[in-house]
Amino acid sequence: MDKPFNEMFSSACDSLRELCSYAKEKGVTVLLQNVSHCISGMTPNSGAVAEILEHTGCDELGLSINTCAVFAGHETLENYFNRFGTRIKAIQLSDNDNEDEQLVLGDGKQDIALHLDTLEKYCFEGPITLEVTTEEDTDDPDGNYTRALEELWSLWN
């Protein structure tokens with residue numbers, strides 16, 4: 001990202017408007033995903049996401065919320081549901097540490113049970129992507145998914 005923030009922001013919003021227009025013609029929904037400040041300065045918190053939504057003016061633009069980015073932004077999933085409601089179409093669920101490393105559920109510092117309670121409270125019925133593999137964990141992806149699912153089931157039951 002070697003361009004000034006305002007230029008990147010404007011370009012991103014222009015691209016999103018164009019994508020939303022095309023998606024509307026095709027009957028599909030474009031989702032904007034929040035990412036942490038470790039990845040990009042564009043969507044480090046719900047306020048920045050709201051600015052993009054406002055600037056694009058695309059009512060059809062939905063959201064995919066990444067819990068690692070929520071945690072890195074010092075917010076909760078409930079903050080996002082309170083702010084964006086039904087615009088949230090998908091959730092990416094994983095754990096992380098203070099450095100925003102994506103970890104297997106239960107290995108990080110997030111309150112996964114609180115996330116699940118929030119999803120239930122807001123009657124979320126969209127897809128939930130369970131993200132668990134980092135570069136360091138590629139030797140045992142099946143074991144990581146098994147551990148993540150076991151943690152998820154223990155919290156949901």
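Reader: Which residue just after α5 takes a positive phi?
Author: The model is predicted. Helix α5 covers residues 112-121. Just after this helix, a positive phi of about 50° is taken by C123.

Reader: Which residues of α5 are buried, and on what arc around the axis do they lie?
Author: The buried residues of α5 are I112, H115, L116, T118 and L119. They sit on the same side of α5, because the arc they cover around the axis is only 155°.

Reader: Which exposed residues does the other face of α5 carry?
Author: The buried residues of α5 include L116 and L119. On the face turned away from that buried side, the exposed residues are E120 and K121.

Reader: What do the buried residues of α5 pack against?
Author: Among the partners are the strands β3 (88-93), β4 (95-96) and β6 (128-130). The helices in the list are α3 (67-72), α4 (77-84) and α6 (141-156).

Reader: What is the strand order of the open sheet, and which strands stand at the edges?
Author: The open sheet has four strands with parallel pairing, in the order β1-β2-β3-β6. Two of these strands have a single partner strand each, so one side of each is left without a neighbour in the sheet. Neighbouring strands are turned by 20° against each other on average, direction ignored. The edge strands are β1 (31-33) and β6.

Reader: How many bridges join β2 to β1, and how many pair β2 with β3?
Author: Strand β2 covers residues 62-66 and runs parallel to β1. Across this pair, L31 stands opposite G62, and Q33 stands opposite S64. On the β3 side, S64 stands opposite A90. The bridges number three between β1 and β2, and for the parallel pair of β2 and β3 the number is four.

Reader: Is β2 largely enclosed or left open by the rest of the structure?
Author: From β2, G62, S64 and N66 point one way, while L63 and I65 point the other way, and all are buried. Five of the five residues of β2 are buried, so this strand is largely enclosed.

Reader: What is the hand of the β-α-β unit made with α2?
Author: The unit consists of β1, helix α2 (residues 46-56) and β2. Its two strands run parallel and are joined by three bridges. The unit is right-handed.

Reader: Which element gives the largest share of the largest nonpolar core?
Author: This core has 35 residues, and those that touch the most other members are L61, L63, I65, F84, I88 and I91. At least two residues each come from α1 (5-26), α2, β2, α4, β3, α5 and α6. The largest share is six residues, and the element that supplies it is α1.

Reader: What is I65 in contact with, leaving aside its neighbours within four places in sequence?
Author: I65 is buried and points from β2 the way L63 does. I88 and I91, like I65, are among the core residues that touch the most other members. With near sequence neighbours within four places left aside, the contacts of I65 are N34, V70, L77, Y80, I88, A90, I91 and Q92.

Reader: What is the relative accessible area of V70?
Author: V70 has its place in helix α3. Leaving aside its neighbours within four places in sequence, V70 is in contact with N34, I65, E75, T76, L77 and Y80. V70 counts as buried, since its value falls under 20%: the relative accessible area is 1%.

Reader: What distance separates the C-alpha atoms of V70 and T86?
Author: V70 belongs to helix α3. Along the chain, V70 and T86 are 16 residues apart. Their C-alpha atoms are separated by 17 Å.

Key
Residues numbered from 1 in each chain as written. Predicted model: local features only at pLDDT ≥ 70, side-chain atom pairs only at ≥ 80, totals over all residues. Heavy atoms only, no water. Buried < 20%, exposed > 50% of the residue type's maximum accessible area, 1.4 Å probe, protein only. Arc of directions from axis to C-beta. Contact = heavy atoms within 4.5 Å. Pairing = 2+ DSSP bridges. Axes fitted to C-alpha atoms, helices over the stretch in contact; angles between N-to-C directions. Right-handed = clockwise from strand over helix to strand, strands pointing away. Core = buried A, V, L, I, M, F, W, Y, C linked by side-chain atoms within 4.5 Å.
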